[in-house]
Amino acid sequence: MQLETLNCNNCGAPLEVAATSNFVTCNHCSTRLAVRRTESSAFTEQLEDIGAKQDEMLNRLKRIERQTQLSDLDREWESKKAEFMVTNKHGKTHLPSHAGIVMSGFVALFGLFWTIMAGSIFPPMALFGILFMGVAIYSGISSYRRLQAYEDASTRYQSQKRQLNYDRTDDA
């Protein structure tokens with residue numbers, strides 16, 4: 001059996017180690033050591049140091065993974081949020097709001113007013129008021145559904161983000 005002479009990484013004492021050994025315990029300080037070999041040299045490293053480095057690397061990896069998950073979640077949300085965008089009459093886009101529902105209510109009230117006024121003056125004109133009310137009600141229902149879908153998706157996104165941030169604080 002061929003032996004190598006190495007030094008203890010902890011106390012510097014000389015060690016006689018078999019050329020095929022991967023682990024050794026120092027006879028002087030009882031430190032457990034890992035034998036590391038490269039093409040040009042051999043050396044020892046304390047197993048506790050390796051464990052500490054491994055734990056540190058694992059914690060870093062977990063933080064990076066969590067950051068990646070948060071970034072992915074944010075990117076997915078931005079894409080999903082674009083699906084809910086509403087275009088106004090000026091061509092500008094915005095997220096759905098209660099304003100669309102309120103505006104539909106005003107248009108429906110105008111249609112009712114038109115129907116009552118036109119029906120008393122010239123009954124066929126009352127049909128325009130009924131048409132206004134129908135379009136306003138349809139628009140209000142559509143706006144409400146879009147707003148609900150957006151709010152539900154936003155709530156899910158916020159919940160997922162909170163959970164990822166909560167998990168991150170548990171890891172620290």
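Is Ser30 buried or exposed, and what is its relative accessible area?

A: Ser30 is exposed, and its relative accessible area is 56%. Exposed means over 50%, buried under 20%, and partly exposed in between (1.4 Å probe, protein chains only). The model is predicted, so local features need pLDDT of at least 70 and side-chain atom pairs pLDDT 80 or more, while totals for chains, interfaces and linings use all residues. Numbering runs from 1 along each chain as its sequence is written, and side-chain values use heavy atoms, without hydrogens or water.

Now the setting. Ser30 sits in the loop that links β3 (23-25) to β4 (32-37). Its backbone stands out too. The phi of Ser30 is near 60 degrees, a positive value in a residue other than glycine. Most residues other than glycine have a negative phi.

Step back to the whole chain. The protein chain has three helices and seven strands. These are DSSP runs: helices (H or I) of at least four residues and strands (E) of at least two, numbered from the N terminus. In sequence order, the elements of the protein chain read β-β-β-β-β-α-β-β-α-α. The protein chain is more spread out than a compact globule, because its radius of gyration is 36 Å, well over the 16 Å that the globule rule gives for 172 residues. That radius is taken over C-alpha atoms, and the rule is 2.2 Å times the number of residues to the power 0.38. Along the principal axes, the C-alpha atoms of the protein chain fill a box of roughly 115 × 30 × 25 Å. Of the 172 residues in the protein chain, 22% are buried.

Phe106 and Leu15 are 91 residues apart in sequence, and their C-alpha atoms are 91 Å apart in space. Phe106 lies in helix α2. With a relative accessibility of 53%, Phe106 is exposed.

Next, the aromatic rings. Five aromatic pairs are counted in the model. One of them joins Phe110 and Trp114, tilted at 45 degrees between the planes and 6.1 Å centre to centre. To pair, rings of Phe, Tyr and Trp (its six-membered ring) need centres within 6.5 Å; planes under 30 degrees apart are stacked, over 60 edge-to-face, the rest tilted. Phe110 and Trp114 are four residues apart in helix α2 (residues 98-121), so about one helical turn separates them. Phe110 is partly exposed at 38% relative accessibility. Trp114 is partly exposed as well, at 32%.

Phe110 has another partner. Phe110 and Phe132 also form a tilted pair, with 5.5 Å between centres and 55 degrees between planes. Phe110 belongs to helix α2 and Phe132 to helix α3 (residues 126-171), so this pair ties together parts that are 22 residues apart in sequence. Phe132 is partly exposed, with a relative accessibility of 37%. A separate listing covers a cluster. Trp77, Phe84, Tyr150 and Tyr157 form one aromatic cluster.

Back to the starting point. Ser30 is an exposed residue in the loop between β3 and β4, with a positive phi.
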